[in-house]
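Dear colleague,

Please find below the structure that I am handing over to you. My notes on its salt bridges and one annotated region follow.

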Amino acid sequence: MFFTLKKIAGGILLPLPLLLLTMAVGILLLWFTRWQKSGKIIISAGWVILFALSLQPVADGLLRPLENRYPTRNQAADVDYIVVLGGGYTWNPAWAPSSNLIGNSLPRITEGVRQWRMHPGAKMIFTGGPALSNPVSNAQVAATVAASLGVPQADIILLDRPRDTDDEAQEVKKIVGQRPFLLVTSANHMPRAMAFFHHRGLSPLATPANQMAIDSPLNWWEKALPSPLWLSHSERAVYEGLGGLWQKINGKQAADNAAGGE
């Protein structure tokens, strides 16, 4: 129950639903109260913020500090395990396997498979329990995609009970113990993930995937025009910011800060 409430609260606090609710309050004030000026100010402020968060320079400016903390891993390490954290997914057996991975999930899997090819003999650990209305777990769907990309079943380990990153760290510890391992997740999620795993006394090696903040040149109109894509980048930055705040409240960042990253 608490997990569901946490997800609902987090969803409401994301930019689009929060700003729509804010502007709805302004509209109510305009139509049904004498607080006309307050309603106009609230609606205008909501519109300006939504517009700004939908611009590439703003969105990627928020996201870049999270993504730049850990570089892409292109060298092999002495590891026996590659842990790929769960993300968004659905399940339709009639679809191509990769179509069941939503948003950040597919880049995590492909980076995990790339690392598996660089580390012969390593086992891939996929994490993530089932969604409330889905009989198939996140880990199982990810493993199915990895198998379709050539990873043999003998090299796949499923942890299909965890529901969030802290649970994933707890379950991974039962397998890897104190040994170093590659931790694959989205670049913007990596700082929080490292903190959770360090808090559990693990030795992860950050292996980021799914970098989103664009540094390469763009056409000027791509920077000047609002876009749902850039708004989604702002959403990821806000989501991770909220997650980091909750992590601090729970006291699960101290171990990561003391460890100094990896």
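Arg-236 and Glu-240 are both buried, where buried means under 20% relative accessible area, exposed over 50%, and partly exposed in between (1.4 Å probe, protein chains only). The model is a predicted one, in which local features need pLDDT of at least 70 and side-chain atom pairs count only at pLDDT 80 or more, while totals for chains, interfaces and linings use all residues. Residues are numbered from 1 along each chain as its sequence is written, and side-chain values use heavy atoms, with hydrogens and water left out.

Arg-236 forms a salt bridge with Glu-240, with the closest N and O atoms 2.9 Å apart; the term denotes a side-chain nitrogen of Lys or Arg within 4 Å of a carboxyl oxygen of Asp or Glu. Both residues lie in helix 10 (residues 228-249), 4 residues apart; helices are DSSP runs of H or I with at least four residues, strands are runs of E with at least two, and both are numbered from the N terminus. A network of salt bridges links Arg-192, Arg-236 and Glu-240.

By this rule the count is 7 salt bridges. Among them, Arg-200 pairs with Asp-166 at 3.1 Å between the closest N and O atoms. This pair links distant parts of the chain, 34 residues apart: Arg-200 is in the loop between helix 8 (190-199) and strand 7 (204-209), and Asp-166 is in helix 7 (residues 165-176). Asp-166 counts as buried because its relative accessibility is 9%, whereas Arg-200 is partly exposed at 24%.

An unreviewed UniProt entry lists residues 80-243 as "domain: DUF218". That span is 41% helix and 18% strand.

Yours sincerely

Definitions and conventions
UniProt positions are given in the numbering used here, feature names are shortened, and annotations may be inferred rather than shown by experiment.
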